[in-house]
Amino acid sequence: MDLRPGSERIFVASNTDPLDGYVQWAPQKSVWLAGMTAAGVALGPICCSWSALALFLATSAVTLCAGHSVGMHRKLIHASFDCPLWLEHLFVYLGTLVGMAGPFGMIRLHDFRDWAQRQPACHEYSRHGAGFWRDAWWQLHCRLALRHPPRFRLEPRLAGDRFYAFIERTWMLQQLPWALLFFAIGGLDWLVWGICVRVSVCVTGHWLVGHFSHTSGDQIWTVDGVATQGYNVRLAALISMGENWHNNHHAYPGSAKLGLLPGQADPGWWLIRSLEVVGLAWNVRTPRDLPERPGLRRLTEAKLRDGVADAA
Ligand SMILES: [Zn+2]
Ligand SMILES: [Zn+2]
């Protein structure tokens, strides 16, 4: 069957339809998250100490910021800046420790949703359109099975990377060395808060930000002709490491900077800028380096930083 590119890594056939599918329970991800959450809820309150709480906050911040936002999303998925391969590997490894999926699984999830949202219409699952509780059940415990799904193809650089292949195969097991280390140092308190509570809170929090950033919030831009828009969820800037500026991300997906307006705190960007200053990141792309997205319309006259005003 003839395949044509639907996006960079997604290839569609003539019968591929982003609406034609059904939601089914995904046993592996469901049992994984339910297990972490059950352990966190049952043991978190009784195995609690200040040091365990500090460990939870520090490991969440590092895995979400350097790992998920900068390593997985801005670097691996969008190639929005360049850095040494060892640093990319380190950040993507930290992103795997968030406990959501391995690097290839994350790229596939992101690119499939992104492709679906750019079509004139897509399934409620892909646009978080099912209402709060049903969306929680769907996104955290189920998957969307399209009748004629698009084909997913990784670029050779990533497909041939043996380190990524290894952490992809073993992404759940990657918690184990840290679980043993935390238990050895801080006992059950550290194990429960450093692994179970952290994975449960970070994975559930990721869904919450994803839900609201596709359903409600501020809009600076709108994109014509697509199934769904992104929104800026102001309150979640620090806890999401800047991923909350999702209206900006829909407008400029290839930008390393997500907080584009004055006052839009973006911890992931602060990290990339620091790396650039010490020579560990270069070719850092912001809207001024990117072509305008087809169908993009500016809704406000708010003054933008870093040349966005010229580009928008
Ligand atoms: Zn989106
Ligand atoms: Zn993205």
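**Reading helices and loops**

Author: Met241 has 27 C-beta neighbours inside 10 Å, so Met241 counts as buried. The cut-off for buried is 20 or more. Keep in mind that this is a predicted model.

Reader: Where is the place of Met241?

Author: Met241 sits in the loop between strand E6 (221-223) and helix H9 (246-251). Its phi is positive, about 65°, although Met241 is not a glycine.

Reader: And Asn283, does it count as buried or exposed?

Author: Asn283 counts as exposed, because it has 12 C-beta neighbours inside 10 Å. Its phi is positive too, about 50°, and Asn283 is not a glycine. Asn283 lies in the loop between helix H10 (267-277) and strand E7 (296-298).

Reader: How do I read two packed helices?

Author: Two numbers describe them: the angle between their axes and the distance between the axes. Take helix H4 (residues 103-118) and helix H7 (residues 162-169): the angle is about 85°, and the axes are 7 Å apart. H4 and H7 are therefore roughly perpendicular to each other. Pro103, Phe104 and Gly105 of H4 make the contact with Tyr164, Ile167 and Glu168 of H7. By class, that contact has four nonpolar, one polar and one charged residues.

Reader: Which residues of H1 are buried?

Author: Leu33, Met36 and Gly40 are the buried residues of H1. They cover an arc of only 65° around the axis, so they lie on the same side of H1. Helix H5 (132-141) and helix H8 (175-212) are among what covers them. On the other side of H1, Pro27, Val31, Ala38, Val41 and Ala42 are exposed.

Key: Residues numbered from 1 in each chain as written. Chains lettered and ligands numbered in written order. Predicted model: local features only at pLDDT ≥ 70, side-chain atom pairs only at ≥ 80, totals over all residues. Axes fitted to C-alpha atoms, helices over the stretch in contact; angles between N-to-C directions. Helix = DSSP H or I, 4+ residues; strand = E, 2+ residues; numbered from the N terminus. Parallel < 35°, antiparallel > 145°, perpendicular 65-115°, else oblique. Contact = placed C-beta atoms within 7 Å. Nonpolar A, V, L, I, M, F, W, Y, C, P; charged D, E, K, R; others polar. Arc of directions from axis to C-beta.
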